[in-house]
Amino acid sequence: MIEVKHVTYTYPNGYTALRNVSLTIQEGDFIAIMGENGAGKTTLIKHFNGLLKPAKGHVTVDSKDTRTVSVASLSKLVGIVFQNPDHQLFSETVRSEVAFALRNFGFDEETVERRVNRILGMLDLSEYAEKSPFALSGGERKRVALASVLSWEPKYVVLDEPTIGQDYRQKERLRMILQQLLSQGKSVIMVSHDVEFVADCKPNIVLMAGGRVIGGGAAEEVLTNPGLLEKCSIIMPQVAQLMRMLGESGVGGRVIDVYSAVESLKTLWRGG
Amino acid sequence: MSMRVFEGFKFTKLNTPIHNMDPRAKFTVVMGIFILALVFTELLPLLILFAVQIPLTASSKTLKRWLGSLKGAAYLAALIFGMNFITGASLTFAFSMTLRFLCLISSFSLFFMTTSPDDLGLALEELKVPYPLTFTFTTAVRLVPTIAADAQTVIDAQKSRGLELEKGNLLKRVRNHIPILIPLIVTAIRRSMEMAEALESRGFGASSKREPMITLKMKPSDYLTILLTSVLTALGVYAKLYLPLPLLEIPYHMPKIPFLNP
C-alpha cells in the first residue's frame, strides 16, 4: 500500500507544487491522476519512490517511510516510467537498455536474459532487440522505456503520460498490458491528459488542481460530471458528450466508452 | 548532483539599478573584475575585489542565489586551494588563488543573473558581432536552465531504474554518470536540430541586414560606470606594476613534501 498523508512539497525555487495532498493506493488499484499542467501530478508521483521527499507530511510504501529508505530500494517496488523516453535511453541496444535496471537490482544473468526476452515479446519489441534504441521511432522508444521498467516486475507501476506519441492501435495494446498487470495483482497508477484513453481503461480517477486533490471516484462518475471536470480544465470524452446530448431522449446515464454506448443505444432502439 | 548551481546564472526580471544598467556598462564592470582578478596574486587586493561585489549583488537583490552559485563552486574552490597548498604554496597564496577563482565565478554569476539574454544579444549586435554568432550565444545562455532541468529529469529517471550514482569506487562513480550524460547529449542534439529546422522555416538568415525593433541606449550613469571602471582597472594594473603593495600574510607554510617538490 502506498500512503500519502497530508503532503506538502515546495521546490527549491519557492514554487509550492503540492498542498496537503492525501491519497491511498491499495494493491491491485488502478488509478488515473488527471488535471491540467502544473496541477502537481508529476511532483506527486515522484514522491512514490522517494525521488522527492515531502516537506510536510509522510509518504509510506508498504509501511516504509520514503524519507528513511533509498530511491533504489523503493524503485524495486515502485517502477516509474517517465514521460519522455529520451530522458533515459542510453544503451547500444534495446536489449541492454531493458537489462540495465535488472543488472542494477542485482538479478543473475540467467534471470536478466529470461525477463528481457519475456518483456520484449510482451511489448512487441523482439524484432528490435539488437537495434539501437536511438534508431527507433518515437512510439517505439516509448515502449522501450516502458519495457525497461516492467522488466523488474515492480509491484506498483507508475506511468507518466503513457499514451503520448502512440497511435490508437498501440494505445489499445497498452490498455491490454495494463489489464494484464492488474490481473497479476499489481497496482497501476497513470498520469494522463488523454481522456479518451482513460475512459476506455475505466480506472479510479484522482483529480488535481493547483497542487490539491479536488475530487475523485470511478471513471464513469468523474468523467460524466461536468462541474468537476470544469475545475480541472478537462473536457468530457466524446462518447460521454454524445450520450449526454442524447440524454434528453432517454438514453445516456454514466456512459463513457464506445461499448457501453452501443449497449445503451441498442436498448433505446429496441425499446423504441 | 544538484542542478541548483545553475540558479545562480539564471536571469530573473527585477527592477534594480544593476538590472537596469546597460549590458555594455555591466560587462565592462565584469571585465574590470576579471582583469584585476587575473593581474593580482596578492591576498589583500583580491579580498577587496571580492568584497566590492557583495554590495553590488545585494543591491540587485540576488544575494541568495549568488551565494548558491558560490556554494556550487565550493568543490572546485576547495580543489584549487588543496592543490596549491599541498604542492608547496604558502597558505596566503593558496587562499589568494581560491579567492581569484571565486571572484571570477561571482562576477559572471552577477552578470548573468541581472542581464536578460535579449539585452545581451542586443549589446553584442551593437558591438557589430555577426548576427548568427550573437544568436548562437544568446540561445546557449537561454538554454542553460532548460538543460539543467533536463539533467534533473534524466537523473530522476535513471535513479528510478536503480542507478546509484554514489556507489562504488572512484572509477565506478565516473562510469555511473554515463547513463546520465548520453541521454542529456542526445536530447540536446535533438533539440538543436529541431530548433534549426524551426528557425529555417521561419526565415532565419533570409536577409543579411537586420532592423532591430528595440535599440539599447546608454544613460549618463552607464557612461559614468564605464569611465569609473576603466579608471579603477587602470589604477589597479598601475599599482600592481609600480607601487609596493601592503602585504597580508598568513604565516604558515606546508612542510615540503619531497616527492611533490623535487
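1. A salt bridge here is a side-chain nitrogen of Lys or Arg within 4 Å of a carboxyl oxygen of Asp or Glu. By that rule, three salt bridges run between chain A and chain B. Please keep in mind that this is a predicted model. Over all chains, the structure holds 21 salt bridges.

2. Start with the interface between the two chains. On the chain A side, 23 residues are in contact with 19 residues of chain B. Together the chains bury about 2000 Å². Carbon and sulfur atoms account for 61% of that area. Three residues deserve a look: His87(A), Phe90(A) and Phe100(A). They supply 29% of the area that chain A buries against chain B, more than any other three residues.

3. Next, the polar side of the interface between the chains. One salt bridge pairs Arg190(B) with Asp86(A). Their closest N and O atoms are 3.0 Å apart. Nine residue pairs across the interface of chain A and chain B are in polar contact, both residues being at pLDDT 80 or more.

4. Which helices of chain A each supply at least two residues of the side that touches chain B? They are helix H2 (71-75), helix H3 (94-104) and helix H5 (138-150). H3(A) gives the most to that side, with four residues. By class, the side of chain A that touches chain B divides into 13 nonpolar, six polar and four charged residues.

5. Is His87(A) buried or exposed? His87(A) counts as buried, because its relative accessibility is 10% and the cut-off for buried is under 20%. Leaving out residues up to four places away in sequence, His87(A) touches Asp150(B), Thr153(B), Val154(B), Ala157(B), Pro183(B) and Thr187(B).

6. Now the salt bridges within chain A. Arg103(A) and Glu109(A) meet through their side chains, at 2.9 Å from N to O. Both partners are partly exposed: Arg103(A) has a relative accessible area of 43%, and Glu109(A) has 47%.

7. A second pair in chain A is Lys202(A) with Asp257(A), a salt bridge at 3.4 Å from N to O. This pair links distant parts of the chain, 55 residues apart. Lys202(A) sits in the loop between helix H7 (195-201) and strand S9 (204-209) of chain A. Asp257(A) sits in the loop between helix H10 (238-245) and helix H11 (258-271) of chain A. Their surroundings also deserve a check. Lys202(A) is partly exposed, with a relative accessible area of 32%, whereas Asp257(A) counts as buried at 7% relative accessibility.

8. Chain B has a salt bridge between Arg24(B) and Glu126(B), with the closest N and O atoms 3.4 Å apart. Arg24(B) lies in helix H2 (residues 23-39) of chain B and Glu126(B) in helix H7 (residues 117-126) of chain B, so the pair ties together parts that are 102 residues apart in sequence. Glu126(B) is partly exposed, at 31% relative accessible area. Back in chain A, salt bridges that share partners join Glu27(A), Asp62(A) and Lys155(A) into one network.

9. The domain assignment of chain B gives domain 1 (2-115 + 219-242) and domain 2 (130-201). Their centres, taken over C-alpha atoms, are separated by 27 Å. Four residues of domain 1 of chain B are in contact with seven residues of domain 2 of chain B. The area buried between these domains is about 470 Å². Carbon and sulfur atoms give 90% of it.

10. How many salt bridges are there between domain 1 of chain B and domain 2 of chain B? The count is zero. The side of domain 1 of chain B that touches domain 2 of chain B has three nonpolar residues, no polar residues and one charged residue.

11. Last, Leu125(A). The residue lies in the loop between helix H4 (109-122) and H5 of chain A. Leu125(A) is buried, with a relative accessible area of 0%. Apart from neighbours within four places in sequence, its contacts are Leu120(A), Glu140(A), Arg143(A), Val144(A) and Ala147(A).

Definitions and conventions:
Residues are numbered from 1 along each chain as its sequence is written. Chains are lettered from A and ligands numbered from 1 in the order in which they are written. This is a predicted model: local features need pLDDT of at least 70, side-chain atom pairs count only at pLDDT 80 or more; totals for chains, interfaces and linings use all residues. Side-chain values use heavy atoms; hydrogens and water are left out. Buried means under 20% relative accessible area, exposed over 50%, partly exposed in between (1.4 Å probe, protein chains only). Contact means heavy atoms within 4.5 Å. Buried area is the accessible area (1.4 Å probe) that two parts lose on being put together, summed over both. A polar contact is a pair of N or O atoms within 3.5 Å; within protein, one must be able to donate a hydrogen and the other to accept it, and residues adjacent in sequence count only if both atoms are side-chain atoms. Ala, Val, Leu, Ile, Met, Phe, Trp, Tyr, Cys and Pro count as nonpolar, Asp, Glu, Lys and Arg as charged, and the others, Gly among them, as polar. Domain bounds come from an automatic or database domain assignment.
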